[in-house]
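Have the sequence and the 3D view at hand as you read.

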Amino acid sequence: MKCLMFFCAGLFSTAVFATPTVSDVVARQVQPWNGVVDITVTIRGSAEDVAGCGCTFTATNSATRAALPVTKIHQAGGDTGSGTSWTRRFIWDARADVGEVKIDDVALTVGVKLLGGVRLWENGPYWATCNVGAKNPEEYGYYFWWGDTVGYKRNAENNGWVSAKDGSSFSFGSGNCPTFGKNDVQLLSEGYIDATGNLVAAHDAATAHLGAPWRMPTDAEFSALINNCDTEWSSHNGVPGRLIKGRGAYAAKSIFLPAAGYDDGYGPSLLNSGSRGGYWSSTPSSDSGYAWILDIDSNDFRWSFRRSNGGRYGGFSVRPVRGFAK
C-alpha cells in the first residue's frame, strides 16, 4: 500500500532566548513518492544567532494525536540567506521512521534550540566540547570503527569491548568492519559516502548519537584546525590530552581532546591511553583499508597534532562539529 501524507507545519520557537525564531516551514514529499520528505525551515535572527541554534522536530498523527518518531532526518548543506532571514534544508526519511502508516495527515512541528560548541577561527565550524559518548571534556567516550554508529566502551573487566547500545560483546577487526577494503566507488554505490566523498548522515557516529546538525569532521576540517590553532600538551581534571586554542580574536576559545587511546583492530587492548589518541574524520583515504584521523600524542608539535591514516576496522574516538565553513 502506498503511504500518502499531508504535512501541516506547526511553528513555534523555544523560550531559551528571544531570537532566533522559526518563521516558516515548507515540507514537500519527494515525487515520485519514495518515503522521503524535503523540509525547508526559515529562521529569523542574526547570522551568528542562527549559526548557534539547531532545529527540533516533533510529529504527531493528526487523527489520533499519537506521537511519531522523527529520527531519520539530517541537514542538507549549510544555512543560506542574509540579514535576519535564513533558510535551512533537511531531508527526512519518513518511511524509515513511520512506515506505511494508514493516515493522510502528519502534523510536523519545528522549533529552535541552543546547540553549544566552540568556534576556533573566523567562519569555522563549531566544535563540540566532549567526545561522542562523554559528558565531560576529559572523558574518553565511545570508540567506533569507520562508518559505525553504535559505539563501543570497555567491559566491566576492562579487558574487552561491549556495545554502547545493548552491552553485547564486540571486537574491533576487519571482519567486523563492512567499510574495510572498499574504494570510493564502492562506498558511494553502497551508500556509505555521498558525492562530497564523506560519510552520509546514516553512517555518521556524531549525527547518530547527537542528532543533526552535529556530524563528524571532514579531513579538510582537521587540516583547517591544525592550520588555524595552537596546541599544547595539557591535562583536564587529571586526564592528559591536547588543549587546542584559537588565535587572535579567538585566543580565548579552546577545546580539550583527551588522549583516549585506541584499538588497532589486532586485539581487545586499549592502546596508549593517556599518551595518544586518534579522532575519526568522515573522509576515507585513497587506500581502501584506511580513513583520515586527527592523531594526537605527547611528543613535539610536528608529530603530536597531525593528520594520519587509521585502519577503518580500528576503534577511535569521535569529536563532533556543526556548521560549515563559509
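Which residues does Ser-282 touch, not counting residues up to four places away in sequence? The list is Trp-146, Gly-197, Asn-198, Leu-199, Met-216, Pro-217 and Thr-218, where contact means heavy atoms within 4.5 Å.

Before going on, a word on the source: this is a predicted model, in which local features need pLDDT of at least 70 and side-chain atom pairs count only at pLDDT 80 or more, while totals for chains, interfaces and linings use all residues. Residues are numbered from 1 along each chain as its sequence is written, and side-chain values use heavy atoms, with hydrogens and water left out.

Ser-282 belongs to strand 18 (residues 276–284); helices (H or I, at least four residues) and strands (E, at least two) are DSSP runs, numbered from the N terminus. Its side chain makes a polar contact with the side chain of Asn-198 at 3.3 Å. Such a contact is a pair of N or O atoms within 3.5 Å; within protein, one must be able to donate a hydrogen and the other to accept it, and residues adjacent in sequence count only if both atoms are side-chain atoms.

Val-150 sits in the loop between strand 11 (126–127) and strand 12. Its contacts, leaving out residues up to four places away in sequence, are Phe-144, Ser-163, Ala-164, Lys-165 and His-209.

The table sets out the accessibility of these two residues, where buried means under 20% relative accessible area, exposed over 50%, and partly exposed in between (1.4 Å probe, protein chains only).

| Residue | Relative accessible area | Class |
|---|---|---|
| Ser-282 | 2% | buried |
| Val-150 | 26% | partly exposed |

Three strands make an open, antiparallel sheet in the order 12-13-14; two strands pair if DSSP finds at least two bridges between them. Strand 12 (152–154) and strand 14 (169–170) each have a single partner strand, so one side of each lacks a neighbour in the sheet. Strand 13 (residues 161–163) is joined to strand 14 by two bridges, and Val-162 has Ser-169 as its bridge partner in strand 14.

**The nonpolar cores**

A nonpolar core is a set of buried Ala, Val, Leu, Ile, Met, Phe, Trp, Tyr and Cys residues joined through side-chain atoms within 4.5 Å. In the largest one, with 24 residues, Ile-39, Val-41, Phe-57, Trp-92 and Val-110 touch the most other members. A second, separate core of 17 residues includes Leu-187, Tyr-192, Ile-193 and Trp-280.
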